Amino acid sequence: DINYARNRTIIESTRYSIFLNMNKNSYIIYQHKSAMPKIVKKKEFVHGLQFKSTNIKDREIIFTQSGAPSHSGEILLRNRKGEDIKITITPVTGRVNIYYNE
């Protein structure tokens, strides 16, 4: 979904963002085409996947029209088996990497 939001931003020349709601163990993808952002997708982790932490400023990833993230960083998750998953978002390029059990 992070790559989806980044790619939609580039293709449509419209900003997309992902808000990480750590308290509700969910995230929301927004499209910023007008003054009022439109919800494109809501995802709640209900089957064992949990947010552990993130260092992304304001827990929101906003992509510029070039696909660069406004804030880079990492998201730490834990699956139902107790394995840690780290998702990193690279500055400038917006590249997304996923690492298991690091």
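Which strand gives the most to the lining of the largest pocket? Strand 8 does, with three residues. Strands here are DSSP runs of E with at least two residues, helices are runs of H or I with at least four, and both are numbered from the N terminus.

This is a predicted model, in which local features need pLDDT of at least 70 and side-chain atom pairs count only at pLDDT 80 or more, while totals for chains, interfaces and linings use all residues. Residues are numbered from 1 along each chain as its sequence is written, and side-chain values use heavy atoms, with hydrogens and water left out.

Start with the whole chain. The protein chain holds one helix and eight strands. Their order along the sequence is α-β-β-β-β-β-β-β-β. The C-alpha atoms fill a box of roughly 40 × 25 × 20 Å along the principal axes. The radius of gyration is 13 Å, which agrees with the value near 13 Å for a compact globule of 102 residues. That radius is taken over C-alpha atoms, and the globule rule is 2.2 Å times the number of residues to the power 0.38. Of the 102 residues, 37% are buried. Buried means under 20% relative accessible area, exposed means over 50%, and partly exposed lies in between, using a 1.4 Å probe and protein chains only. Among contacts with a separation of 6 or more, 39% join residues 24 or more positions apart.

Now back to the pocket. The largest pocket has a volume of about 310 Å³. A pocket is found on a 1 Å grid over the protein atoms alone, as an open set of points with protein on both sides within 12 Å along at least five of seven lines. A 1.4 Å probe fits at points of a cavity but cannot get out, and lining residues have an atom within 4 Å of a point. Grid points are joined across faces, edges and corners, and the volume is the space filled by probe spheres set on the points. The lining of the largest pocket has 17 residues. Asp-1, Ile-2, Tyr-27, Leu-77 and Ile-87 lie nearest the centre. Helix 1 (2–12), strand 1 (15–21), strand 6 (73–78), strand 7 (84–89) and strand 8 (96–100) each give two or more residues to the lining. The lining divides into 15 nonpolar residues, one polar and one charged. Nonpolar covers Ala, Val, Leu, Ile, Met, Phe, Trp, Tyr, Cys and Pro; charged covers Asp, Glu, Lys and Arg; the others, Gly among them, count as polar.

Strand 8 also contains Asn-97. Asn-97 is buried, at 18% relative accessible area. The side chains of Asn-97 and Arg-95 form a polar contact of 3.1 Å. A polar contact is a pair of N or O atoms within 3.5 Å; within protein, one must be able to donate a hydrogen and the other to accept it, and residues adjacent in sequence count only if both atoms are side-chain atoms. Leaving out residues up to four places away in sequence, Asn-97 touches Lys-86, Ile-87, Thr-88 and Thr-90.

Asn-79 sits in the loop between strand 6 and strand 7. Asn-79 is buried, with a relative accessible area of 18%. A polar atom of the Asn-79 side chain lies 3.0 Å from the backbone nitrogen of Lys-81. Beyond four places in sequence, Asn-79 touches Gly-48, Leu-49 and Ile-85.

Asn-25 lies in the loop between strand 1 and strand 2 (26–32). Phi of Asn-25 is near 50°, a positive value in a residue other than glycine. Asn-25 counts as buried because its relative accessibility is 14%. Val-92, in the loop between strand 7 and strand 8, also has a positive phi, about 70°. Val-92 counts as exposed because its relative accessibility is 67%.

Glu-44 is in contact with Lys-24, Asn-25 and Ser-26, leaving aside neighbours within four places in sequence.

Finish at Gly-67, in the loop between strand 5 (60–62) and strand 6. Gly-67 is buried, at 0% relative accessibility. Not counting residues up to four places away, Gly-67 touches Arg-6, Ile-10, Thr-93 and Gly-94.

Methods. Contact means heavy atoms within 4.5 Å.
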